[in-house]
Structures are given as C-alpha cells and as structure tokens.
Amino acid sequence: MVDRAGPLAADTAHAQAAFKRDVDRVFLRFVAGFLAFVLLLAGLEQMGLPRHWVGSIFLLATMGLYATIGILSRTHDAVEYYVAGRRVPAIYNGMATGADWMSAASFIGLGGTLYITGYGGLAFIMGWTGGYCLVALFLAPYLRKFGQFTVPDFLGERYGGNLPRLVGIGAAILCSFTYVVAQISGVGLITSHLTGVQFELGIFLGLGGILVCSFLGGMRAVTWTQVAQYVILIVAYLVPVVWLSVKQTGIPVPQLVYGYQLQKVTALEGQLQEDPAERAVRAVFQQRSDDLARKLADPATALAAERVAAKLRLDRLKAVGGSGSAADVAAAEKALSALPADVETAREIWVRAKAAADTKSLALNGMAPHAQAFSGDPSGSAAAQDSYDIARRNFLALIFCLMVGTAALPHILMRYYTVPSVREARASVSWSLLFIFLLYFTAPALAVLVKFEIFTLVVGTPFDQLPEWITSWSKVDPSLLSVTDVNKDGILQLNEMSISGDIVVLAMPEIGGMPYVVSGLVAAGGLAAALSTADGLLLTVANALSHDLYYKMIDPNASTARRVALSKMLLLVVALAASYVASQRPADILFLVSAAFSFAGAAFFPALVLGIFWRRATGVAASLGMVAGLCTTAFYMVTTQPWLRGIFGVTAPVQLWWDIQPISAGLFGVPVGFAVIVLVSLVTRRPEPRIDQLVTFIRYPGDRGD
Amino acid sequence: MGVTSRQRSYWRKNQRVIAGLLAIWFVITFVVSYFARELSFNFFGWPFSFWMGAQGALLVYGAIIWWYARYMDKLDAQYEMQVDDD
C-alpha cells in the first residue's frame, strides 16, 4: 500500500496549498476570459456577423481550448496519467466530477424529458443526485483509502485472484462503452447542427477533440479540461433560462420563482383540455386512429382497396376534361407510388401510424398535466387505478436504478482516486453535488418556462405568422419538429405540433427570442457536456484494458512507460470503435444510457459495498454475484426492450415482471447480485487473513496497513 | 494485525451514522414519492411533491453528504485517525 505520511506531511500540505493558489489564479482568469469571449461574440453579432460564423467560432474556440489544455498537461508519468498526481483539490475535483457526470443526456435530454413528462421526469433529477448519497456513505472514502488506480483494481485485491478482476474489467468495459457510444452520437448531432457538416463527419471532428486531450495527458489533462468544460456548460445552461425567467417574471432567479409559472401552466392546461379547437383536432386524430384500426383488422383487403382507390383518382384526374391541374396529377401519382409494397410493410406502417394518432388524440398532445404525479387515478375506475399503481411503481423503480447506477459507474468512482486524502474524498463528494445541483435545479425550471412560452406565444398563432424557429427546425429534420394544420382553421393548436424532447434545450434560445449567440453558447455547452463525459469514459475503458488486464494479469513486469503508452494506444482503438458504432446510429440512445446505469448498478454495487462492509464476502461469491446481477439485468432487457428484442431475434411475447419497464432492469439485477454474494459467501471458505487486513486498512483513515 | 477496540468503536459509530442517514435518504426519496399524489398541497406555488422531487430532495441529499463529511472529520480527529495520506 502506498501511503507516505509522517515528516513529509507538512511539506506536502504546504506544496498542496501553493498548488491550489496557482490553480485558483488560472481558473479565475479562465472564467473572466470566457465571459469576455461570449460578450465579444454578442457584440460582433449585433454588428452583423452571420449566424453560421457565430456557431463555427464557438465550436472551434472551445475545441481549441480543450486541445490546448490537453497539450499543456501531457504526461508519461503513471500517477499523473492514471490519477492526476493525486493532488487535485476537492473543489476542482468536484467540478471535474460534475462535468464527467453531466453528459449529453443531462444537458440536452433532461430538459426535454421534463418538458414532455412533467413530474415523471423528476425521477431522473432525484436518481442522478441521490445516488451521490450512496457514493459518499458507502464508497468514495474507502476507495480513496485503498489508493490504487481503478475499480477492477479494488475487486482484484479485495477478492483475491484474477477472476473477480476479470469480471470487473468485463463489466466496466460493457457499461462504459455503451455509455460512450451515446455521448459520441451526441457530439455528432451538435457539431452537425452547429456547423452544418454531416453527422458522420461531426462525430469524427468531436473525436479529434476528445483524443487530443485524453490521449496526451490522461487523467491529468482530462481533469483540467473537465474543469473548463464544467464552466462552459453551466454558463450555457443558466444564461437562457435566466433570460426566459426575466422575460416572464422579471426575476432573474428561475429556480425560486418557477412554482408560480407552474401554476399558470396548470391553469393553461385546463383551458387547452376544454378548448373547442383543440377538441376538433383531437377528434380528427381519433378518426384517423379508428380508420387505421379498421384497416389493421384486415390489412390485405384494405391495402388492395387503397391501391384501387388511388388509381381511380389518378385516372379521373388524368382523363380528358378532368378537373386536375398538373400539380394535382403529380400529387396523385406520388400518393399511388407511396403506398406500401406488401401487406407486412403496410401492417408495420399502420401500427406505427395508429400509435402516433392515438397519442395525438389525447388531451395536451399526450403529455401528462405537468404538475400531476403519476398518470391514472387512485380513486377512479379499475383501469385508472391500475395505471396509477403501475406509473408509481415504475417511477420508484427508475429512481432506484439510477441511484444505484450512479454509485457504481466506474468513471465516476475513479474520480475519487484523484484527490489527496480520504478527508478530501468526502469533501469532494459535497463539491460534486453542489456543482451538479446547479444544473439539476435549473432543468425543471427550464421545462416549465419553455412550456409557458409555447402555450402562450406559439399555440393559437395563425400559421402564416409562426415564429421563424419553427420553420428552421422542421427543415433540419421533420422528426424533430413538425406542424400541420389538421383541422384547417389556419391557427396552430397544441396537438398540431410535434416536438421532440431532444431539441427543447437546443432550440430554447430561439423559442425565447434570444440573439443567436445564446444558441451558439448552448450548443457549445452541450458539446462540452458530451465531450467531458466521453473523455472520462474512454479513459476508464482504456485503463481497464492496459492497467487491469495487461499490467495486473498478463505482464506484471511491464515498465510504467510501456503501460502508459499501451493505454494511449488502446484509447485510440476504443475511441475509433465507439465512433464507428455511433456512426451506425444505434436505434435508441436514451436506452443505451439507462442500460449503462442498470448494468453498472447490478455488476458493481453489491460487490463493492459488501467488499468494504462485510469481511466475510468471498472472491468466488463476488464473481458469481457480479455475473448473476449482470445476467439478470441483461436477460430482462433483452426479452422486454423492443430494440434489443429485434437485435437478438426474441419473438416470445413480452413478459414484464410486475409491469416494470425494461429501462429499470437493474431493479432485479441488484438484489440478485446481493443475494448471490451473501449466500455463496456463507458456503465458501472465509477469506484469508491478508484480505481481512486489507479491509481493516480501507476502513480506518489513519491505518497504515503494515 | 488485529482490529483494536478503538478501531472497533470508531467503525460502530460510523455504521450507526450511515444507517441513520440512509434512513433519511430512503424516506425522502421513496416514501415521499410514494405518497406524491396525496402530498400535492401548495408550497410557494409548487405542489409540495413536485417541489420535493425538483429541489427539496436534492437539498436533503446535499445536507446528508455535507453533514456526514463533517461528522467523520470530527470522528477521525477524536479517534486520531487523521493522517495526511497521499
């Protein structure tokens, strides 16, 4: 165990204080410089700098900044490379953890999810913050005291032997890789949106930014880049929300006042539910759904009838003396050729169309009333009671999975190896949480303010006077945003607009009528969030391979330089592999992220916690427990999640356990993991005294373990 | 090297605090959310359960972590566990 103390301690403390003062100075200069940069761009925009220039400058400047930090922090030293020299002050480690933690999903996805699901989305807010209680109480101080480099390190030492380490490596790679693919997709989306390049090219541009940083400087570079990225992403998140808050309420602290906006939103929801025009739109969609249901009852006949009808229409238009203009004929031809080729395709298309029409025939465009907890009604009909129970159960299950997953994701736990002491490890969790809170306090406010903006300014606008952002976003991709005048009254109703949750945050500056520089800032913030998380994740995967697999298991005599070089090479390989997978656009990105949480929770949480708190836990038991937890989670996901079912060709009917959604599969994996470890430990031989000593060493901060 | 009685008492205190804080964490997270529909009285504009999910629970989490760090620092000092390890 490396644990230098004694006469050197005073010197070290002194050097640490001086180091922190230096960092403070650089940090303050950086913040001032960044704010000046944003103001400068705002000024330039007022003077007529074109929009795409603003976007590109933001992109290049921030990427350049990360690359510079990467180059300045380049290192070959193992302690610097793997754990940033173990001298990152708690407050900066907190910021870095914040950036590491808040991914594209938090930055871009969360606001949109809250906008669409209202109270239901709060599961993410509670889950992603409450998990830090588990980190602080069960893991961070002990992992720091243990004082090695990675999570599989801990498993290998504590449980003795290579099996637990190997399982740990496998699980770490599985969850980090799933997660990193989602981040890189996010990077691709933002770069392509910001600069207009292709999605695939955007991915590789972003990749360059990630690599320069983690490749050269490892944890050291990643840590300091993440500090910079934290500042950028939090400024980018707060500025537009504060702007909206001032615009709507006159008070620049949205977190304090959006409760009153929520009341107004609830009142508006009541009006919209009763509004005659909204009802008319809903009736049209209900009609469409009924038609589709009829077609689906006998798809073959319905398809044949449609083809005949379309031909007839075309013939009539084409006929001499027909009333059809050239445009009408073209439209009719298009309609005919657009008909599905065979019955199977037709059925698929209609099933999807019916699901969409069903949602749109509901009040408020299928969104639950924003402030209402859970759907259904506990005192209503049997069906309403059922729906209430299921909604509540899934809400709690999701919180549980996200919390346990938070406390088990290796790239987060790794961060607690970088602080100077056990005491700093505990303090650093507080700092992480404070910095994370800033964003998580703001996200629900954002959702409410944007909803108020949409309800008051967009809904009820005549179609020829719609704001410019609606046309520009629906041009980017109609699946992100589309409007159609369904009831032909020339006025936009809420149910006539489909908006994807993914663009709510990115489009917010335009929705609120802010200058384009704010849009650029938000995109740069989203990029910072995605890049910072990707950095940490890539480093975790590369370290698991080079440090845990190669150094600890294959060649324990490898020199430090060789290990670091190998890690860098692996980083490159893993990054390219992840980019390749991301460029294939795996179907469901939000699912990938949540799967990573469930996997991490089921694999690591029981083994780590029992390893520290229960001396009796044995190596065989831990390995079996991790495998059992992972397999249970994977099994449930593969048999219930539509996308995975498709990949693995599962055709058996979906069998949900207690109606729990696949996103919360960890709910079953975690208890199974605990149970297996406990039961198997009790029937296997008590761990050796050496392990017992290790546990003692980990538990007591002052214990030198000799 | 065995565990001294001083260490044992330190660890017992640590475990007791962890159990207490975990109970608070559980109530704030799961019990309050379970009764979310019932707890929707007006709280500075928010329905109470909405505010708890969006801000209240987070504040409690922060308090739990901050208080635990402080308590353990004191406990370390009291049991002379604190070393500037690096």
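Going along the sequence, chain B runs α-β-β-α, that is, two helices and two strands. Keep in mind that this is a predicted model.

Start with the overall shape. Chain B has a radius of gyration of 18 Å, well over the 12 Å that the globule rule gives for 86 residues, so chain B is more spread out than a compact globule. Along the principal axes, its C-alpha atoms fill a box of roughly 55 × 20 × 20 Å. As for burial, 36% of the 86 residues in chain B count as buried.

The average pLDDT of chain B is 81, and 91% of its residues score at least 70. Among its elements, helix H1 (residues 5–34) of chain B has the highest mean pLDDT, 86, while strand S1 (residues 42–43) of chain B has the lowest, 76. For the model as a whole, ipTM is 0.88 and pTM is 0.83.

Then there's the partner. The contact involves 45 residues from chain B and 49 residues from chain A. On the chain A side, several helices each supply at least two of the touching residues, among them H1 (8–46), H6 (122–146) and H26 (689–699) of chain A. H17(A) gives the largest share of that side, twelve residues. By type, the chain A residues that touch chain B split into 32 nonpolar, ten polar and seven charged.

Notes
Residues numbered from 1 in each chain as written. Chains lettered and ligands numbered in written order. Predicted model: local features only at pLDDT ≥ 70, side-chain atom pairs only at ≥ 80, totals over all residues. pLDDT = per-residue confidence, 0-100. Helix = DSSP H or I, 4+ residues; strand = E, 2+ residues; numbered from the N terminus. Contact = placed C-beta atoms within 7 Å. Nonpolar A, V, L, I, M, F, W, Y, C, P; charged D, E, K, R; others polar. Rg over C-alpha atoms; globule rule 2.2 N^0.38 Å. Buried ≥ 20, exposed ≤ 12 C-beta atoms within 10 Å, placed from the backbone.
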